[in-house]
Amino acid sequence: MNKIKQGLIAISLAALCSSAVFASDGKCSMDFGKISVTGQGEVRVMPDRASLNYRVVSNKPTPAEAREEVEKTVTAFAKAVEALKLDKNAFVADSIVVTAQYRYNEKDKKQELVGYEGSRNVTIKVSDFALIGQLNDAAIKSGINQISGFEYTLSDKKKYEKEAAKLAIADAKDRAQLLADGFEVKLGTPCSLSFQERNYGVYRAYSNRSMLLAAKAEAEPVESTYSIEPIVVSSSVEAIYNIKNDKKDKKDKKDKKDKKDKKDKKD
């Protein structure tokens, strides 16, 4: 058994030594040091899509009443939105949720049922930001009583992700060359390349639930106070280069030339 173990250890060590020799002889040898850099790329672009998030909540004595009022409000809102001629997939309403509401009774020391709350979320996606004010007005008139906030996004985010990645790669190359020039060494082959981080920003405009409720109570339209800012799409790459050994490169070139000359003579 001991001899078998010794044999396996010897084979493993030989394999490791072979790997080490292979690595040191390759183009990515780190025998003479390495240059490690991180490149950054960033693209700022104005959003071309908006997701408007609304919510209707109804508190009633029975689940049927709560459900009925929520469905009635969402249906009215859907009809109002339909009149604006948006894309057929622009209006998305989640499933209705009805939950029992309890209150702790201090006298009896127990929870008592006080009613039911029905709620439903509605999301509207638009590319024409001028419609946001009209959608707010339609929401109020239909009975929607909450705005969860707006999100501005990009329809073709992959395009800008690629642009940011190209900028990050170019930045990594510039940084590596700058280091090599600054320390008077030769930049070798890139031996390790990887994306470290890719970020796609989502710009959230605001959440004006209280303003919407106040406007509903006063039967006044909501003032469109939203603003649009650029979305930042960023990328980060890490690159590791080896440092060239001029003497070794010259020797390799000479060896190749000698081999070629010998082959030419034989031919």
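This is a predicted model: local features need pLDDT of at least 70, side-chain atom pairs count only at pLDDT 80 or more; totals for chains, interfaces and linings use all residues.
Strands β7 and β9 (residues 231-243) are joined in the antiparallel sense over ten bridges. Together with β1 they make up an open, antiparallel sheet of three strands, ordered β1-β9-β7. The edges are taken by β1 (34-45) and β7 (187-200); each has a single partner strand, so one side of each is left without a neighbour in the sheet. On average, and with direction ignored, neighbouring strands of this sheet are turned by 20° against each other. Helix α4 (residues 157-182) lies across β1, β7 and β9, and runs at about 145° to β1.

A pair of helices can be described next. The axes of α2 (residues 63-82) and α3 (residues 132-142) come within 9 Å and cross at roughly 150°, and the crossing is right-handed. From α2, the residues Thr73, Ala76, Phe77, Ala80 and Val81 take part in the contact, meeting Leu135, Ala138, Ala139 and Ser142 of α3.

Finally, a word on threonine 153, a residue found in strand β6 (residues 146-153). Threonine 153 counts as buried because its relative accessible area is 17%, below the cut-off of 20%. Along the chain, threonine 153 and tyrosine 200 are 47 residues apart, and their C-alpha atoms are separated by 9.2 Å in the model.

Notes:
Residues are numbered from 1 along each chain as its sequence is written. Side-chain values use heavy atoms; hydrogens and water are left out. Axes are lines fitted to C-alpha atoms, for helices over the stretch in contact, and angles run from 0 to 180 degrees between N-to-C directions. Helices (H or I, at least four residues) and strands (E, at least two) are DSSP runs, numbered from the N terminus. A crossing is left-handed if the near helix is turned anticlockwise from the far one by less than a right angle, and right-handed if clockwise. Contact means heavy atoms within 4.5 Å. Buried means under 20% relative accessible area, exposed over 50%, partly exposed in between (1.4 Å probe, protein chains only). Two strands pair if DSSP finds at least two bridges between them.
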